[in-house]
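Open the model in your viewer and keep the selection panel at hand. The tour goes stop by stop.

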Amino acid sequence: MKKIATLMLAASAAMAGSAFAQSAPPYAPLTTDIQANKPYSAYVQDSRGVIARDPFGLCWRTGYWTPADAVPGCDAPLCVPPEKLENGKCVAPPPPVEATPPAPAPTPAPAPVPTSEKVSYSADAFFDFDKAVLKPEGKSALDELTSKLGDMNLEVIIAVGHTDSIGTDAYNQKLSIRRAEAVKAYLQGKGVDSNRIYTEGKGEGQPVADNKSSDGRAKNRRVEIEVVGTRSRQQ
């Protein structure tokens, strides 16, 4: 009886104060009790402090209600987005699934660098006078040369023989060729493909010093070896 009397009193007060219900759709289902603000509320409420609602779930406002008095579930959302009301409770949506980032693109292989290395050796260090047989010193120099070919994509080796001016042109031409061929044979024995080795004899035709002096003639007696290929670019 006391509860009924309280509700009747609240309803009478609401009517006396020109009470009216919200016009917007309800924010909370009828099964959800919405507590009024304390100590003062601009909504009609029962003895429990629960806001009175009409059969459609709309909250009853008093005549002095203003938007500043809005209560979540009546004139304000019961749940703050992105939360949604589920079974009378505000439930946050599950966190988005983060997409797995794509694997980084593989680093492109470094472009090979063309290289050409030309070395001139003294023929006197390679051969005895008027000979085309490699001396131990010459073999050692060629061993050092081939050891540098390991990291190279070899394209061609060019061996060119030269002589001084002593002797006939024809003889010196043949001697320069035989010495270049001796270099090729030794490199081939070290595993270099014979198709990659080219030989040439220039005889006495391309001196680099004056043949009138012994020092000049020694400089002209030479074997020039040029190595052409590519190496991977250094990082």
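Which helices each supply at least two residues of the lining of the largest pocket? They are α2 (123-126) and α4. Bear in mind that this is a predicted model.

**Stop 1: the pocket**

Select α4, residues 169-189. This helix gives the largest share of the pocket lining, 4 residues. Now show the whole lining, which takes in 15 residues. Five of them lie nearest the centre of the pocket: Phe129, Asp130, Asp164, Ile166 and Leu175. The volume of this largest pocket is about 180 Å³. Colour the lining by class and you get 6 nonpolar, 3 polar and 6 charged residues.

**Stop 2: Asp130**

Stay at the pocket and pick Asp130, one of the residues nearest its centre. Asp130 sits in the loop that runs between α2 and α3. Check its backbone: phi is near 60 degrees, a positive value in a residue other than glycine.

**Stop 3: α3 against α4**

Next, select α3, residues 136-147, together with α4. Their axes come within 11 Å. The crossing angle is roughly 55 degrees, so α3 and α4 are oblique to each other. Their crossing is right-handed. Show side chains for the contact. From α3, pick Lys139, Leu142, Asp143 and Thr146. From α4, pick Val183, Tyr186 and Leu187. By class, this contact has 4 nonpolar residues, 1 polar and 2 charged.

**Stop 4: a cis peptide**

Move to the loop between β1 (20-21) and β2 (60-61), where Pro39 lies. Which kind of peptide bond joins Lys38 and Pro39? The bond is cis, with omega about 0 degrees.

**Before you close the viewer**

Key. Residues are numbered from 1 along each chain as its sequence is written. This is a predicted model: local features need pLDDT of at least 70, side-chain atom pairs count only at pLDDT 80 or more; totals for chains, interfaces and linings use all residues. Side-chain values use heavy atoms; hydrogens and water are left out. Axes are lines fitted to C-alpha atoms, for helices over the stretch in contact, and angles run from 0 to 180 degrees between N-to-C directions. Angles under 35 degrees count as roughly parallel, over 145 as roughly antiparallel, 65 to 115 as roughly perpendicular and the rest as oblique. A crossing is left-handed if the near helix is turned anticlockwise from the far one by less than a right angle, and right-handed if clockwise. Contact means heavy atoms within 4.5 Å. Ala, Val, Leu, Ile, Met, Phe, Trp, Tyr, Cys and Pro count as nonpolar, Asp, Glu, Lys and Arg as charged, and the others, Gly among them, as polar. On a 1 Å grid over the protein atoms alone, a cavity is a set of points where a 1.4 Å probe fits but cannot get out, and a pocket is an open set with protein on both sides within 12 Å along at least five of seven lines; lining residues have an atom within 4 Å of a point. Grid points are joined across faces, edges and corners, and a volume is the space filled by probe spheres set on the points.
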